Amino acid sequence: MNSIEVNNLTKKFGSFTAVDNVSFNVKKGEIFGFLGANGAGKSTTIRMLCAILEPTSGDAIVGRYSINKQPDQVKKNIGYMSQRFSLYNDLTVEENINFFGGVYGLEESEFEERKKWVLKIANLEGKEKTLTSSLPGGIKQRLALGTAVIHKPEIVFLDEPTSGVDPISRRRFWDLIHELSSEGITVLVTTHYLEEAEYCNNIILINRGKIIAQGTSDELKKNYIKNTILQIECDKVIEALEILEKQNFVNEVSIFGNSIHIVVNDNYKNEEQIRNLLEKNHSINVFRIDSIVPTLEDVFIHVLEEDKENGSSKN
Amino acid sequence: MEAIIKIKSLKKSYDDIKAVKDISLEVYEGEMFGLVGPDGAGKTTTIRILCGLLKPESGSVKIFEKDIIKNKKEIQNQIGYLSQKFSLYGDLSIDENIEFFADIHGVKDYQQRRDELLEFTRLKPFRNRIAEKLSGGMKQKLALACSLIHKPKIIFLDEPTTGVDPVSRRDFWKILSGLIKEKITIVLTTPYLDEAERCNRVALMNKGEIISLDTPNKIKQALEKEIIEIVCTKIREAYKLIRDEIGFEVQMFGDRINVIINNIEKDYPKIEKALKEHSVEILNYRKITPSLENIFIHLVRKAG
């Protein structure tokens, strides 16, 4: 069952097309990752799906309601948390929770139960009177998520929720996201951190307002990266790097600690080619050569570069 | 290899918070050294002490065999520092910003070095643009160029890639590779464990202490355990089951879990049996090479 259906959604600001004919579906209970560089159109899309920005054309069904025809219904059925948490720093924990309970019009009886729930997931039980500004970043982030879903929405939109939060807190936050998803809440999340995208069930990559890749993390790695990436462990790393840079079978070279990563192309035959070059011609000892699984960051960079080339050939 | 930075029993507190608790380490000439850990681990405090910007409570820092407190000015002329919140002059152009930093460091013939740096960071086409009109990634590259104008032998970078998008991040790492080629020693802090893998050696820090210090490979080898990755249904249930009933350490990564075990042949059947009994379906499992993230979480948990 689809929780969100996006059909040919387009948004223009004057002559600039921020979102260009985008269509995709999100299943109920899924964690859906929405990736792209700054200015790719992520936030504009999310704002339209939250019915706070009108599309120029196209439509989306968000939890059974059309963003064009039933924007108020859409707003009631979703939760939204942005990169700058919407909490009031000069209010206490409890006052913030009360505020959001009021905004979403929760009944008294239901509210008390939900308030307890928010305090629990944010690890703030017994700290109701603490001033929000004095909370550590990771805790504040959990409180922000709790208040964003205090009304038990079917869908929650998280716009770069982990920006500037350390890795341990980020991981705990993702555990929480998975908990929400296992309760059947659909989560659409944008992020800069590609290792986080690994935690998503499905991923879309957008650039210049258009979808340029989509699939699960495994599918993206299989379908979009055709070139092999090799990790070479050798001595005299810098010398080896300079030699490899000049070879016609190498597309890209980078230092990785005490080893080198190279992206090879069709001119590459086998390991012997590298061993011959480095060991025989330059007396650099090669200890190991392994082919490695690309990361999502590799996919992202690769697809973006292809998109750039396509774009410039059209112009 | 020669130690270019020597830190001994360094301590620093802010009121009653012990930010850095007795750390000792050496950084070798020409290496890329990473201070890695979450917020509050003491990374920034350490790097500021190394640059002479903050006085330690006790302990010593020697750079080029000289004490940082006694020879602050002299050392500062040979090092570069890029802070988390780098300060550029928004109303000055790229060229003028670099010129300003050349002035501060008393570099007179900076023109050639400036051109080199602009070439290197690919900012040349934008040299007349004022700083506030640059993208985040470009600002960061400019700040780096400014900190390199006086040809420092060591450069200290405090979380240089925090909040930077993936494309700019990749670009930045390419530039750092170039610095390593110029034999500049790099000390950087990062909360990202995938970036730590790019360093020659790393100090994993938590709550003001170093919990591991070595090359990324050796840190991984020191685990002396095996990690098995399981993709299964009812993931949260599986997680709690393995943790509480079988007693193995489990780490959750989205739709999969990593279990730290002693031996796959001996231990996997136990996990399989327990999961089956609770009708959790295993979709896939495989032995994986530990990542620094696996290790980091393991060490932090062990420390309590």
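## Secondary structure of chain A

Chain A contains eleven helices and 14 strands; helices (H or I, at least four residues) and strands (E, at least two) are DSSP runs, numbered from the N terminus. This is a predicted model, in which local features need pLDDT of at least 70, side-chain atom pairs count only at pLDDT 80 or more, and totals for chains, interfaces and linings use all residues. Residues are numbered from 1 along each chain as its sequence is written, while chains are lettered from A and ligands numbered from 1 in the order in which they are written.

## Overall dimensions and burial

The C-alpha trace of chain A spans about 80 × 45 × 35 Å along its principal axes. Of its 315 residues, 39% count as buried, that is, with 20 or more other C-beta atoms, placed from the backbone, within 10 Å of their own.

## An open sheet

Four strands of chain A form an open antiparallel sheet in the order S2-S1-S4-S5; two strands pair if DSSP finds at least two bridges between them. Strand S2 (16-27) and strand S5 (65-66) of chain A stand at the edges with a single partner strand each, so one side of each has no neighbour in the sheet.

Strand S1 (residues 2-13) of chain A runs antiparallel to strand S4 (residues 57-62) of chain A, and five bridges join them. Within this pairing, Glu5(A) has Ile61(A) in S4(A) as its bridge partner.

## The contact between chains A and B

The contact takes 31 residues from chain A and 30 residues from chain B; two residues are in contact if their C-beta atoms, placed from the backbone, lie within 7 Å. On the side of chain A that touches chain B, H6(A) gives the most, with eight residues.

Note on methods: Buried ≥ 20, exposed ≤ 12 C-beta atoms within 10 Å, placed from the backbone.
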